[in-house]
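Please look through the sequence and the model that follow, and keep them at hand while you read.

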Amino acid sequence: MDYTNKIARQVGEVPRSGIRDFFELVQGRPDVISLGVGEPDFATPWNIREAAIYSLEKGNTSYTSNLGLLQLRKLISEYVGGFFKVDYEASNEVLITVGVSEAIDLALRALLNPGDEVIFHEPCYVSYSPSITMAYGDAVPVETFKQDNFSLKASTLEKVITSKSRVLMLNFPTNPTGATIGKEDLEEIAELCIKHDLMVISDEIYSELRYEKADHISIASLPGMKERTILLHGFSKAFAMTGFRLGYACAPQPIIEAMMKIHQYSMLCAPITSQAAAIEALQNGAESVEKMKASYHQRRDYMVKRLNEMGLPCHTPGGAFYVFPEISHLGLSSKEFALRLLDAKDVAAVPGDAFGKCGEGFLRCCYATSMDEIVVAMDRMEAFVSDLQSS
Ligand code: PLP
């Protein structure tokens, strides 16, 4: 049977994730060191795992309220108030979701009518453009540049705003570049959002993983912005809880209500065991986050130094756990470079163009891998670059 016209058009249009395709190549190759998947190499801290086990032992295996456990929403409201400096009411301004992934989908579906334009900065997380398309929106990427350390400038953003622009998606610190954004730039962007009546979906999943002195600033905390921002955050990255699939959205009540309607019919609620683990994470997880962060910091510094020394220019990213070195001067496309590096040296990194056209000429290397493996991976990459240069 020909399924082409059986599959919804906007789903058929969407490409498969470039990261997943690439990593299928790595399956069954034990010698490969992967700098690929954006996932902490740490197991979830033991006290958090134990809280999940204990919750199961107590027989807590039911649905929760659609919004999520009130105890967890209260803790999230306190945490967000302290960390992001924005106050949200636990009873109706916080929604617990199945990862930030679900929250992105809900936010887009809650806000968009067909043909609405959504602006997002590229290179960006692979799900943004497909999620916009599948929510019947029009994806409008705005390029960020190496000379700005891939941060977003209001002047570039303003050029792509049209009468159809409805939503701006932000992600700082950024996957795949590790970019952060300063207060002044964020204020200028906020002004534009107010001027053009844009809603903002701010994916702040990496916000704890900042290595500069400057604190993380959420656009939601700027004057006039809480009312037009959906702040997304979750437990996957800082707490090393990817498999628990737990995230949350904070937004004004009518927006949470709209997102909750979709969530209640599609997901019902986030898993109760994961919610129990998240309660422990927020109550007693801060020390573990700091330890993991210190380790990422050390690995980032080492990787940036080695990449620059081997002739792959690379800015020092302020956050997340990715570096984004340039490879365009070596005469290979990102994909060719990554495939040849994998074949010749058993090192897997993701071609930059998987994160949007302007990622071409770069490579994403994730340093959420043990220091021992990073050292070997850098040695192998150095040999690869040297072979390329002498061939
Ligand atoms: N947003 C960004 C920017 C990400 O990098 C990722 C995962 O890599 C996600 C969202 C998905 O997070 P979650 O595991 O909470 O669904």
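**From the ligand to the sheet**

Helix α5 (residues 99–111) contributes the most to the shell around the ligand, with three residues; helices here are DSSP runs of H or I of at least four residues and strands are runs of E of at least two, numbered from the N terminus. This is a predicted model, in which local features need pLDDT of at least 70 and side-chain atom pairs count only at pLDDT 80 or more, while totals for chains, interfaces and linings use all residues. Residues are numbered from 1 along each chain as its sequence is written.

Of the 13 residues around the ligand, those that come nearest are G99, V100, S101, N175 and S236, where a residue counts as near if its C-beta atom, placed from the backbone, lies within 6 Å of the molecule. The shell divides into three nonpolar, nine polar and one charged, with Ala, Val, Leu, Ile, Met, Phe, Trp, Tyr, Cys and Pro counted as nonpolar, Asp, Glu, Lys and Arg as charged, and the others, Gly among them, as polar.

Turning to the strands, three of them form an open sheet in the order β9-β12-β11, with antiparallel pairing, and two strands pair if DSSP finds at least two bridges between them. Because β9 (322–323) and β11 (350–351) stand at the edges, each with a single partner strand, one side of each is left without a neighbour in the sheet. Strand β12 (residues 363–366) runs antiparallel to β11 and is joined to it by two bridges, and the bridge partner of V350 in β12 is R364.
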